[in-house]
Amino acid sequence: MALLLLSLVMVTPMLAWNLGGSEKTALGLNYTLRSAQLASGKFTTARWNPCQSAIVWRVNLSGWPAAKQPAMLKQIQTAVAKVAKVTGMTYKYGGTTTFTPRQENLVSSPADIIVAVINPKTTNFSFSENSLGYGGVLWATWYGGDGEGAAVVRGYAVLIPAGMNKLKAGFGGGNTQGNVILHELAHAAGLDHVRSNKQQMYPDLTAKSPNGYASGDLQGLNLVGKKAGCITVPSRVNITDYS
Ligand SMILES: [Zn+2]
């Protein structure tokens, strides 16, 4: 009976797209990973396959003044390079796009990760009036004859122009644009919020925000990166491979 069920599952594999997800609170205050529930009910860390040849990212800077776009792109590139260095994953810049990430269109985004500085009214994520940005991941889960698993397949980092404009440009401790970009990119790598305001993944940017990633952030990024091992994503997870 079990075998019969298994072959049935292989014919109609389950594939789910998930936004958000439950937090793994047992990990403590310094970092929190996203966890994906598998068909068996077990949980696994929602992370990218760190061995994919590249995570291609593109930018939509349409909400930012044209004259300041080169500087913004440079900040984003610096931040992506930091994430790449810590996680050991390969990120590849794919150029600009007019794509606006929304909750329902992430599957069809024109890159693995979209970093967008856009008018928040054009998206449908839950921004509050004081929001500076929003970031997250979309993952696929599967099961069948080759077992079950999950992998992040898309990420997004939305930066809100009105909020970003009030911050000091560049990187550094406290209220800097660089810190917001690093925070949202860490969401796009799979990290969730923490309760310690000494970490960059604290939900609010404050005067006490660290200069870049602090020890807990780095620990979390390590756990979703190359050191966590490769994930073999079955071909039936039918999503465009941009690498
Ligand atoms: Zn956040």
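The model is a predicted one, in which local features need pLDDT of at least 70 and side-chain atom pairs count only at pLDDT 80 or more, while totals for chains, interfaces and linings use all residues. Residues are numbered from 1 along each chain as its sequence is written. Helices (H or I, at least four residues) and strands (E, at least two) are DSSP runs numbered from the N terminus.

Within α2, the buried residues are Met72, Gln75, Ile76, Ala79, Val80, Lys82, Val83, Val86 and Thr87, where a residue is termed buried if 20 or more other C-beta atoms lie within 10 Å of its own, exposed if 12 or fewer, and partly exposed in between, with C-beta atoms placed from the backbone. Seen down the axis of α2, these buried residues fall within an arc of 155° and so line one face of the helix, the arc being that of the directions from the helix axis to the C-beta atoms. On the other side of α2, Pro70, Lys74, Ala81 and Lys85 are exposed. The cover over the buried residues of α2 includes β5, β6, β7, α4 and α5 (215-223). Just after α2, Gly88 adopts a positive phi of about 80°.

Helix α2 also takes part in a right-handed β-α-β unit together with β5 and β6; a crossover is called right-handed if, with the strands pointing away from the viewer, the path from the first strand over the helix to the second runs clockwise. The strands of this unit, β5 (residues 55-60) and β6 (residues 91-96), pair in the parallel sense over four bridges, pairing being assigned if DSSP finds at least two bridges between two strands. Ile55 has Tyr91 of β6 as its bridge partner.

At the level of the whole chain, the secondary structure amounts to five helices and nine strands, which follow one another along the sequence in the pattern α-β-β-β-β-β-α-β-β-β-β-α-α-α. Of the 243 residues of the chain, 40% count as buried. Among contacts between residues at least 6 apart in sequence, 69% join residues at least 24 apart, a contact being defined by C-beta atoms, placed from the backbone, that lie within 7 Å.

The largest nonpolar core contains 60 residues, of which Val83, Trp139 and Leu185 touch the most other members; such a core is a set of buried Ala, Val, Leu, Ile, Met, Phe, Trp, Tyr and Cys residues joined through C-beta atoms within 7 Å. The elements giving two or more residues to this core are β5, α2, β7 (113-117), β8 (133-142), β9 (149-159) and α4 (177-189), and the largest share, eight residues, comes from β9. In β9, 11 of the 11 residues are buried, so this strand is largely enclosed by the rest of the structure. Strand β9 pairs with β7 in the parallel sense over five bridges, with Val158 of β9 as the bridge partner of Ala116, and with β8 in the antiparallel sense over 10 bridges, where Thr141 stands opposite Ala150 of β9. Strands β8 and β9 form a hairpin with six residues between them, and Gly147 in the turn has a positive phi of about 95°.

Helix α4 is likewise mostly covered, with 13 of its 13 residues buried. The 13 residues of α4 should span 18 Å at 1.5 Å a residue, which agrees with the 18 Å between its end C-alpha atoms. Just after α4, Gly190 takes a positive phi of about 120°.

Two loop positions were also examined. Tyr31, in the loop between β2 (22-23) and β3 (34-37), is buried, with 27 other C-beta atoms within 10 Å. Leaving aside neighbours within four places in sequence, Tyr31 is in contact with Leu191, Val194, Met201, Gly216, Asp217, Gln219 and Gly220; the C-alpha atoms of Tyr31 and Gln219, 188 residues apart along the chain, are separated by 7.1 Å. Gln103, in the loop between β6 and β7, counts as partly exposed, with 14 C-beta neighbours inside 10 Å. The C-alpha atoms of Gln103 and Leu138, 35 residues apart along the chain, are separated by 9.5 Å.

Definitions and conventions
Two residues are in contact if their C-beta atoms, placed from the backbone, lie within 7 Å. The expected span of a helix is 1.5 Å times one less than its number of residues.
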